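Colleague: I am new to this structure. Could we go through how its helices pack and what space lies inside?

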Amino acid sequence: MAYLEPNVKNILFFGDSLTAGYGLVHPATQSFPALIKSEAIREGLDCSIINAGLSGDTTAGALLRLDTFLRKPVDIFVLGLGANDMIRGYDPSKTRQNLVELITRAEGANKALKTLLLGMELPPWVPESLAGGFREVYREVAAIKQAELVPFLLQDVVGHRELNLPDGLHPNAAGYRVIAATVWKKLKPMLK
C-alpha cells in the first residue's frame, strides 16, 4: 500500500476495476487516479494519491476493506463503487445504504473530509427491472452526505468502441484520459 503524505492533500480513490485500471498495460501511470496526479503536478497543486481500486469489488466488499485505508490521513475521498452491485443484480437500497456507510466511516476518520462520488449507470444489456432502482442511488447518496457528484463516470466513453477494451465494459488508455478529464473538473476545486 502506498503511504499518504502528511503535509499535502491526501486523496483516496476507493473503487473497483474502473479505479484500479483493469486491462491497462501500465495502470500505475494510465489509470484515471494516476492521470489526475499528473494533472495536479502540471497545475502546481500538491497532493498525494492512493489508488485503492479492486477489480470486482462491491459496496459490501468495500465495507470490509475500507478501514485499512483510513489508518493514514485522508482529505478527499473519491468513491467509485456500485457498478458490480448493479451487474450482479443486488438490491439498490442496499447499495445506497453501503455507499452512505462508506462515506460516514471515512468522515469518522476526518470530520473535514471532502467526498467526490463517482456515479454509474447500467449498461443497456441490463434488464430495466434492475436498472430502475439504481437510477437515483448516486444522486440520493450525494444529497444525503453533501458530496460532490460526477453523475456518470463513463460519460463520453461508454458506447465508443475506440475508447474501450474489447470487453466493451472497461476503458482503454484513451478512455481513461476522457474519464480523468471528467473527474478532474470536479476534483480540482476540492484541492483549493
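Colleague: At roughly what angle do the axes of helix α4 (residues 59–69) and helix α6 (residues 92–109) cross?

Modeller: This is a predicted model, where local features need pLDDT of at least 70, side-chain atom pairs count only at pLDDT 80 or more, and totals for chains, interfaces and linings use all residues. Residues are numbered from 1 along each chain as its sequence is written, and side-chain values use heavy atoms, with hydrogens and water left out. Helices are DSSP runs (H or I, at least four residues) numbered from the N terminus, and axes are lines fitted to C-alpha atoms over the stretch in contact, with angles from 0 to 180 degrees between N-to-C directions. The axes of α4 and α6 come within 9 Å, and they cross at roughly 15°.

Colleague: Are α4 and α6 roughly parallel or oblique to each other?

Modeller: Angles under 35 degrees count as roughly parallel, over 145 as roughly antiparallel, 65 to 115 as roughly perpendicular and the rest as oblique. The axes cross at roughly 15°. The two helices are therefore roughly parallel.

Colleague: Which residues of α6 meet α4?

Modeller: Contact means heavy atoms within 4.5 Å. On the α4 side are T59, A60, A62, L63, L66 and D67. They meet T95, N98, L99, E101, L102, R105 and A106 in α6.

Colleague: How far apart are the axes of α6 and helix α8 (residues 137–145)?

Modeller: The two helices pack at an angle of about 30°. Among the contact residues are L99 and I103 of α6 and V141 and I144 of α8. The axes are 10 Å apart.

Colleague: Is α3 oblique or roughly parallel to α9?

Modeller: The axes of helix α3 (residues 32–42) and helix α9 (residues 173–187) come within 9 Å and cross at roughly 55°. That angle makes α3 oblique to α9.

Colleague: How many residues of the contact of α3 with α9 are charged?

Modeller: F32, L35, I36, E39 and A40 of α3 touch Y176, R177, I179, A180, V183, W184 and L187 of α9. Asp, Glu, Lys and Arg count as charged, Ala, Val, Leu, Ile, Met, Phe, Trp, Tyr, Cys and Pro as nonpolar, and the others, Gly among them, as polar. Ten of the contact residues are nonpolar and no polar ones occur, while the number charged is two.

Colleague: Which residues line the largest cavity?

Modeller: A cavity is a set of points on a 1 Å grid over the protein atoms alone where a 1.4 Å probe fits but cannot get out, and lining residues have an atom within 4 Å of a point. The lining divides into six nonpolar, one polar and one charged. The residues are D16, L18, G80, L81, A83, L118, M120 and L153.

Terms used. On a 1 Å grid over the protein atoms alone, a cavity is a set of points where a 1.4 Å probe fits but cannot get out, and a pocket is an open set with protein on both sides within 12 Å along at least five of seven lines; lining residues have an atom within 4 Å of a point.
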